[in-house]
Amino acid sequence: MISYQGKNVVIIGLGITGLSCVDYFLAQNVIPKVIDTRLKPQGLELLDSRIEYHLGDLKLDWLLDADLIIASPGIALSTPQLQQAANQGVEIIGDIELFCREVNKQANKQVVAITGANGKTTVTTLVGDIVKSSGIKVGVGGNIGEPALSLLKQNADVYVLELSSFQLETTYSLQATVATILNISEDHMDRYPLGLMQYAQAKQRIYHNAKYCVFNQDDKLTIPESNEQNCVSFGVNKGDYHLDNNCEHLIAQNEVVLSTKEMKLIGRHNYLNALAALAISDRLGIPRASSLATIATFQGLAHRFELVYEQNGVKWINDSKATNVGSTEAALNSVVCQGKLYLLLGGDGKSADFTPLIPYLQNNQIEVFCFGRDRQLLAKLAPSKTTMTETMADAMQLIANKVKVDDVVLLSPACASLDQFKNYIERGNQFAQLAKQYAQRSEK
């Protein structure tokens, strides 16, 4: 381990990531201080009794006295207290930077770094499964599952990390074997006041010092700004890895490798996720036959374009994880509907621009239901074909009385869920429960 003994370390933010940072320093006999702006942060009861902590706000005197601050991804570097500490020469990094410093010292360790506005959890999980199925010891985490520092205890040969733009802002030593930006679309605009390019710049940090870069041929913002790395691309109809014209096959480097009919995943955006995962695993040197076998059987993840119920010819698709406009666009590009599409939009839009959805909503076969905090903003996209309700449950009750054979009900909200739900998982679970309830009621 890199020694931080004698350093005055302050960790901002508890939860499982903050606790992993505490454990990391305690293992080196360094007793950090902890700050959390919440009055009742998750994990407080698990904090070592030797740790001094402060709750409710950012304690400026602690920050200014620190030698090193480990900032939670949820705290923007532009926060005045952090700016003041940085101006006084205090080093500010995140847990991913600590992880990278440790892994860089170890021989023969490979790191896969995955980011993007949408699809990164699916690709991270799929790549992890591919590596594991090939017999290589793998650790999967970062922005999902286990914190990166906790993965170090597994002593894996390959680490597969999902990284958010927030995490990348405080990471400087990442040297990924393979790095990818899957796509860029508006998200977290409340955190990036300068707009989409500021968000993209944060994502581009993932390519720094990477051995291989995998980018989206259809999204210029994902192309590495530097031409120093070995690059490979994926896309819908173009790129080193792409789909055929009818999305019936995956094609890798001019070779048809897998029929999409053999896959458990559904939707064009998920086929692109599979292509990205294949490109990554090829760069890792994993036998392609092994990778394809895993891709074919991969079930996908809950709340991500998940067919949760199908009855009487009506499909109910839960895409609750679509918390931004780009993800909803991907769902609308992927959905196959021979009847009417009932689209559920709503929640907290995080100051996003919803207008890119307008062309999709011109389709005569789409009927829109808007709920939650930003329902009025969303309803303006297609006022003549939109119904507003206060809650998602209210909307679903109306839809249940309308659906017929070949119709699709799609929850792809383009918004965060925190205005009415604990998280997107609770929202998706409610959708799945109500879908089953209403479908079975209509059968009686």
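The model is predicted.

An open sheet contains five strands in the order β3-β2-β1-β4-β5. The pairing is parallel. Strands β3 (53-55) and β5 (91-93) stand at the edges. Each of these two has a single partner strand, so one of its sides is left without a neighbour in the sheet. Neighbouring strands of this sheet are turned against each other by 20 degrees on average, direction ignored.

Within this sheet, β1 (residues 9-12) and β2 (residues 33-36) pair in the parallel sense. Three bridges connect them. Ile12 has Ile35 of β2 as its bridge partner. Helix α1 (residues 15-26) packs on the sheet. Its contacts are with β1, β2 and β4 (68-71). The direction of α1 makes about 165 degrees with that of β1. Helix α3 (residues 80-87) packs on the sheet and touches β1, β4 and β5. The direction of α3 makes about 150 degrees with that of β4.

Strand β20 (residues 408-411) pairs elsewhere in the chain. Four bridges join β20 to β16 (residues 314-318), and the two strands run parallel. Four bridges also join β20 to β17, again in parallel. Leu410 takes part in both pairings: it is the bridge partner of Ile317 and of Leu343. In a regular strand the side chains alternate between the two faces of the sheet. Both faces of β20 are covered. Val408 and Leu410 are buried on one side. Val409 and Leu411 are buried on the other.

Val409 is also a contact of Ile399. Ile399 lies in helix α14 (residues 392-400). Its relative accessibility is 0%, so Ile399 counts as buried. Leaving aside residues up to four places away in sequence, Ile399 touches Tyr342, Leu344, Phe369 and Val409. Ser291 is 108 residues from Ile399 in sequence. In space, the two are 41 Å apart, C-alpha to C-alpha.

Side chains of opposite charge can pair when their charged atoms come close. A search of the whole structure finds 12 salt bridges. One of them joins the side chains of Arg373 and Asp348, with an N to O distance of 2.9 Å. Arg373 lies in the loop between β18 (366-371) and α13 (375-379). Asp348 lies in the loop between β17 (341-346) and α12 (358-361). The pair therefore ties together parts that are 25 residues apart in sequence. Arg373 is exposed, with a relative accessible area of 54%. Asp348 has 18% relative accessibility and counts as buried, because the cut-off for buried is under 20%.

Arg288 and Asp282 form another salt bridge through their side chains, at 2.7 Å from N to O. Asp282 is buried, with a relative accessible area of 16%. A further salt bridge links the side chains of Lys59 and Asp61, at 3.4 Å from N to O. Lys59 is partly exposed, with a relative accessible area of 24%. Asp61 is partly exposed as well, with a relative accessible area of 39%. Glu91, Glu97 and Arg101 are linked in a network of salt bridges.

How values were computed. Residues numbered from 1 in each chain as written. Predicted model: local features only at pLDDT ≥ 70, side-chain atom pairs only at ≥ 80, totals over all residues. Heavy atoms only, no water. Salt bridge = Lys/Arg side-chain N within 4 Å of Asp/Glu carboxyl O. Buried < 20%, exposed > 50% of the residue type's maximum accessible area, 1.4 Å probe, protein only. Contact = heavy atoms within 4.5 Å. Pairing = 2+ DSSP bridges. Axes fitted to C-alpha atoms, helices over the stretch in contact; angles between N-to-C directions.
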